[in-house]
Amino acid sequence: MANIPTPHINAPEGAFARTVLMPGDPLRARYIADNYLENAVLVNNVRGVQGYTGDYKGKKVSVMASGMGMPSIGIYSYELFNFYGVENIIRVGTAGALSPKLQLRDVVVGMSAYTDSNYGAQFGYKGTLSPCCSYPLMSAAIQAADKLGVNIVPGPICSHDSFYTQGEYNSTPILQKLSVLCVEMEAYALYLNAAAAGKNALALLTISDSLVTGESLPAEDRQTTFTRMMEIALEIA
Ligand code: HPA
């Protein structure tokens, strides 16, 4: 295809599976490849954004990092959907809880994404864009979580543009009033890119900290809780 390799992915045609699991962190991508995939091959390493394709229970699966924030996941998901023939992208990340009902380690599935970002302006629509996840992927994730005995909470999430927000502009109380479950920084762009490409996306998020209580997961716990979410994603890939 004329567009590949792309400016950000130096892989040949056919290098990616139909489904790509997408953590934010390149080292997580490598951890998944090392621990879950058989015959994993490094298919991308431009800017250290590691992408691997291998086998999980006889199924071909890819994993590649998104980097942090909507501009970054916007680039990688666009190129995978539009130039590499990828059908499904499952984000596997962390989020900060807004809902007092969420505990650290819970897994949230983002049904829809709010945002304070201008990412959607590129589509030229004068109203409000309200991207949502793929229903088949969400439904499969809920079933897989039940089987694995993991508590999974579906609902709206918010993808924000700034991790460190200035106090007077803190939107936490408004989002809580609107029953938004948690905040992260990527799903909105991923869901819009999937919608525009006619493809499928899902964000699975482990609650790593709480904006309600101020608690956060210790580093070693992050690895084990991440593993449970990973297994859900691999089952539905
Ligand atoms: N914002 C706040 N807390 C978080 C985030 C975020 O984007 N990601 C993980 N915890």
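Analyst: Happy to! One definition before we start: Ala, Val, Leu, Ile, Met, Phe, Trp, Tyr, Cys and Pro count as nonpolar, Asp, Glu, Lys and Arg as charged, and the others, Gly among them, as polar. Please keep in mind that this is a predicted model.

User: With those classes, how do the residues lining the second largest pocket divide?

Analyst: The second largest pocket holds about 210 Å³ of space. Its lining consists of 13 residues, with Thr115, Ser117, Thr128, Leu129 and Tyr188 nearest the centre. By class, the lining divides into 6 nonpolar, 7 polar and no charged residues.

User: Which element gives the largest share of that lining?

Analyst: The strand to look at runs over residues 107–115. With 3 residues, the largest share of the lining of the second largest pocket comes from β6.

User: Now the largest pocket: what is its volume?

Analyst: Its lining has 36 residues, and Thr94, Phe163, Val183, Glu184 and Met185 lie nearest the centre. By class these lining residues are 14 nonpolar, 14 polar and 8 charged. The volume of the largest pocket is about 860 Å³.

User: Which element gives the most to the lining of the largest pocket?

Analyst: Elements that each supply at least two lining residues are β5, β6, α4, β8, β9 and α6. The one that gives the most, with 6 residues, is β5.

User: How much of the ligand's accessible area does the protein cover?

Analyst: Let's begin with the polar atoms. A polar backbone atom of glycine 96 is 3.3 Å from a ligand nitrogen, and a polar side-chain atom of histidine 160 lies 2.9 Å from a ligand oxygen. Aspartate 209 places a polar side-chain atom 2.6 Å from a nitrogen of the ligand. Of the 260 Å² of accessible area that the ligand has on its own, the protein covers 88%.

Conventions: Residues are numbered from 1 along each chain as its sequence is written. This is a predicted model: local features need pLDDT of at least 70, side-chain atom pairs count only at pLDDT 80 or more; totals for chains, interfaces and linings use all residues. Side-chain values use heavy atoms; hydrogens and water are left out. A polar contact is a pair of N or O atoms within 3.5 Å; within protein, one must be able to donate a hydrogen and the other to accept it, and residues adjacent in sequence count only if both atoms are side-chain atoms. Accessible areas come from the Shrake-Rupley method with a 1.4 Å probe; for residues, only the protein chains shown count as cover. On a 1 Å grid over the protein atoms alone, a cavity is a set of points where a 1.4 Å probe fits but cannot get out, and a pocket is an open set with protein on both sides within 12 Å along at least five of seven lines; lining residues have an atom within 4 Å of a point. Grid points are joined across faces, edges and corners, and a volume is the space filled by probe spheres set on the points. Helices (H or I, at least four residues) and strands (E, at least two) are DSSP runs, numbered from the N terminus.
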